[in-house]
Structures are given as structure tokens and as C-alpha cells.
Amino acid sequence: MTEKFTSLNKAVAQNLHDGDTVAFEGFTHLIPYAAAHEAIRQGLKDLTLIRMTPDVIYDQMIGMGMARKLVFSYAGNPGVGLLRRLRDAVEMSWPKTIEIEEHSHSAMANAYEAGASGLPMAVFRGYLGAGLADVNSNIKSVTCPFSGETLAAVPAIRPDVTFIHAQKADKKGNILIEGIVGVQKEAALAAQRVVVIVEEVVDTLDTHANATILPHWTVTNICHVAGGSHPSYAHGHYIRDNAAYLEWDKIAADRKVFLAWMAENVLQATPEVFSQRIATLKVAS
Amino acid sequence: MSDPGFTSDEMMTIAASRVMKNDDICFVGIGAPSAACNVARLTHAPDITLIYESGTIGVRPDILPLSIGDGELCDTALTTVSVPEMFRYWLQGGRITVGFLGAAEIDRFGNINTTVIGDYDAPKVRLPGGGGAPEIATSSQAIYVTLKQSIRSMVKEIQFYTSFGHGVGGDHRQRLGIETNGPVLLITDLAIWKPDPVTKEFTVVSIHPHATREMIQETCGWAVKYSDMVDTTMAPTKKELAILRDLKQRSSAAHTGDAMKATMAT
């Protein structure tokens, strides 16, 4: 193994800095909870958080006052409802004011792809009649030089650092992502630095020709944290803890309850707790 | 009033399921649309293609997903593609026959708000936002909407245009260069609505059993218009009800089961 493999503590300390633009990506599946919790423990500040579907981890980071700005396309607790800490920040500026840049899923998916492609912007057919174009100055339009059609344009997303969670790394550091792959490959290839947290480290990835792979030379650091995606899930390893998402709605509803929960379950915890949290959720292999 | 043997919510889901066709390629919103689409698949439309925005194409879930990205969707899908591919090739590429959406607020022209209540920069209630909806609304060949009627949800003027329906009515879509049909069906817990062919305002074409014109107006924020011919929606059949209740029961057990203990233990 090379020094590409590090502890989560070291990977966050080395790659994420105050003021960074950072994506903790994942589309319901493979949400990098362990990485986000480590960032919360290290008390980072003034972050610009990017994610298509900011859910509980961004609710937690925003509630802990770490975010200066949020770039997003759907800010909800998936299948449950609203993000109450985000709402408190937007509506009541608690614990502090947050700037928001809001897009549609199409726009952000295209913007990540443009970032991974080394392009300055993304072009797509979108935002027709949509109110977001009036409140977000980063939504513009271009005229197709061939057909004359007016198309939407948004700037490419180029994070300073992207954190993702994946099933496997081999010993060289090649990464395998399976199941709902979301926008993680694009978010990784669009970033300056990439940290991947994996469920397991194996001798060979033992997969097929068209699998979603990030070669080791595209990844800055790798950390092994079994269960590190809980209460999200890792396809083939453990199932989504839907009850925890339902429970979060109650925890996040009250500032004091939230802070107490964060102290007990994040600030005083370590990455090792994740393997206990998935004990009853494991998929038979 | 006597007990009809089904709830208005069940009537809504079953009425919505009936409009789905076996050869539809449907982009499914979470919640009420997801239940309706899966009842359709389990009754009259076994070959319907259901697509969720997590990239899962041709899903056949045993339990209703809580989120658009539950493992159950990927496990039962024909294929799972990346999210950029989902939105570029499959939605923008024009492959979707029906986009099925829910809504926090809808107006009489099928414009939907799921973004904000109050001023955008100083909101009274910050809602989750549009997600895939702004482009689903314009790239799907047609849009169906299902929601429970209330003064808060069916409003005279929506507070934010998250996704565009028929705008101010008439040919507003065409004037913006939108070539798809937009909202062509609204299914509520009380009635089925279709847009007037000229004005594009939603008009009631069918009233559910045990619903009345008074109930429809009391729970709607605009003056309700009726089609010249108003039908009575067929009550749910025993088979439809059994399939819906089974599905709901399995789903609810799966979402709130033992996993709760596992989380709170640590």
C-alpha cells in the first residue's frame, strides 16, 4: 500500500481547508457520512458546499455553522420532507446567514459533466419558463450557432475537493462504484483533489469491462471506513436505514435537540462507530 | 354519508393509476405519483417502463421506495445509468412519454411551485426546490399531476414558478419555444381535471364517488370550471384496493421496521 491510503482524520485535514469549495456527492446512495462527520469534528469554516441533493449531512454541516454558501438542486430529506436546519439558516439566519445558489438537477448534472470535461460551461435545453432563471445570475442562455435554438448555460462545477463513498478499492487504489452511481464519477473528475471512503480494500476489484471505475491516479486519498455511508447505504453491503431518515426529521426540528444529538453522535464519536451502526442492516453476501 | 369502503386518498391513487398505459415510459416523482405508477404496473400495465431520476430504468419494486434512490429500485431495474446520462439522453433526448409529478402548490394552468412560500430572498417557508422537475415539465411529452386538494395547494397564483405548466394559459408554452404538451391531467382526491383545449385552464371532467361540487370548490383556491360532460369516476375495484393496500402495508413496514433500533443504539 502507498501513502494514498490514510486515516480519515488525516485525509480531511490534508485535503479540506477553511474557505474551500467542496462537494460531498452521492445521489441518495453512497452518501459520504463518515467524511462529513470528520469534517464537522475538525470544525472547518466558510465552506461553499456543493451537492445536487443536499440531505442530512449538509443539514448537519449547515446547522453547525460551517457553510458560507450552498449550491444545490434539491434540498430535502429524501422521501421525508424539508431540511429543518437549512430552513432555519435560510429563514432565520441560525446559526448564521447562508448564501444559496439554486439550480435544477439537469443543470447541476450537466455542470459537473462540464467540469469533468474541462469545459468552462454546460449547455442544455432547460429552465424554460422556470423562475430560477430570474433569481440565479449564473443561469444564462446561448444561441446554438447551427440551429438558432436558445439553450440554457451554466458555469462548470470545479470543486477544490470532492469527497465520495464507494464500495471497493484495490490495493493500488483503483476505485469501484456500483449500484446507483449518481454523479460521483463526474464530481470526482471535476475536482482538484479527490478523497474516497471505501467499504473494503480488496486484492482485485474482480469486475466487468464496463464497471464504473476511478483509476488510482485520479484519486488523492483513500480511507477505509466500513459502514461509513450509514444511514445511506452501500449497494451489496447494507441497506438504507429509512427509519433514521424519518427520525432525523424530529432531531432537526429543534435547535437544542439537534446540538445535543450532534455532540453525542458526531463530535464525541469516531469513524469506527459506523461499522456498529450497520450491524443489523447488512446484506447477505 | 355511508362508508364507501375506501378513502379519498385511495381513490386518488387508483384513479391516477388507471391513466397509465402499458406502453408508457414514465418519469416517476416520489410520493403519490410513485404509488399510482406501481399500482398501474401491478394491475393493468405490467409492461410499463418506470424511471426514477436516480438513473434507474424499468424498475419493478416490491415495496414503494421512500426516496428516489432506494436500493430496491436499482435491484429491480433493467439498467441503472448515471444521473447526467439520465437527464441528457433519456429526458432531454425526448424518450419520456409521461412525467408524473406531485406539487406543493399548483395553479389552474398547471404551473407548479415546490421552491418557496413567500419572497424568494426572505422566504416564509423554504421548500426543497425543483430537483428534476423544471426539465421534466418541459422535456416529457406530457405531464400528469396528482395531489390532495386544499386551499393551500390549489392556489390562484403560485408564489414561484418551479416548473412551467401552461403559464398564463393559451399558447404560452409555444411562445416560449416549448414543444411538448405540458400538464394534460390533474388527479386529485376529489376529481379528475383536464385543461380546456383553448384556454388551457384545468376543468373538472370526472367527479369521484362521494365527492361533490361543493367539496371540490371548498378545497380549491380558484373558481372551479366544469366540462360540459362531467362523469362519475368508477369506484376502486376490490382488486385495485387489495393491491394498493398490500403495497402500502409492505412499504410502511419496510420503512419503519427494525432499522430504527439499529440507528438509535449508537
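This passage describes the fold of chain B, one of its helices, the contact between chains A and B, and the nonpolar core.

The model is predicted, and local features are reported only at pLDDT of at least 70 and side-chain atom pairs only at pLDDT 80 or more, whereas totals for chains, interfaces and linings use all residues. Residues are numbered from 1 along each chain as its sequence is written, and chains are lettered from A and ligands numbered from 1 in the order in which they are written.

The secondary structure of chain B consists of 9 helices and 14 strands, taken as DSSP runs numbered from the N terminus (H or I of at least four residues for helices, E of at least two for strands). The C-alpha trace of chain B spans about 50 × 50 × 40 Å along its principal axes. Of its 266 residues, 53% are buried, that is, 20 or more other C-beta atoms lie within 10 Å of their own, whereas exposed residues have 12 or fewer and partly exposed residues fall in between, with C-beta atoms placed from the backbone. Among the contacts in chain B with a separation of 6 or more, 67% join residues 24 or more positions apart, a contact being a pair of residues whose C-beta atoms, placed from the backbone, lie within 7 Å.

Helix H8 of chain B (residues 238–256) has 19 residues and reaches 27 Å from its first C-alpha to its last, close to the 27 Å expected at 1.5 Å a residue, where the expected span is 1.5 Å times one less than the number of residues. Its buried residues are Glu240(B), Ile243(B), Leu244(B), Ser251(B), Ala254(B) and His255(B); seen down the axis of H8(B), they fall within an arc of 105°, so they line one face of the helix, the arc being that of the directions from the helix axis to the C-beta atoms. The face turned away from this buried side carries exposed residues, including Lys238(B), Arg245(B) and Asp246(B). The buried residues of H8(B) pack against H8 of chain A, together with helix H1 (8–18) and helix H2 (32–42) of chain B.

Between the chains, 57 residues of chain A are in contact with 50 residues of chain B. The largest share of the side of chain A that touches chain B, 6 residues, comes from H5(A).

The largest nonpolar core has 162 residues, of which Ala35(A), Met61(A), Tyr112(A), Val196(A) and Cys26(B) touch the most other members; such a core is a set of buried Ala, Val, Leu, Ile, Met, Phe, Trp, Tyr and Cys residues joined through C-beta atoms within 7 Å. H5(A) gives the largest share of this core, 7 residues.

Technical notes:
Two residues are in contact if their C-beta atoms, placed from the backbone, lie within 7 Å.
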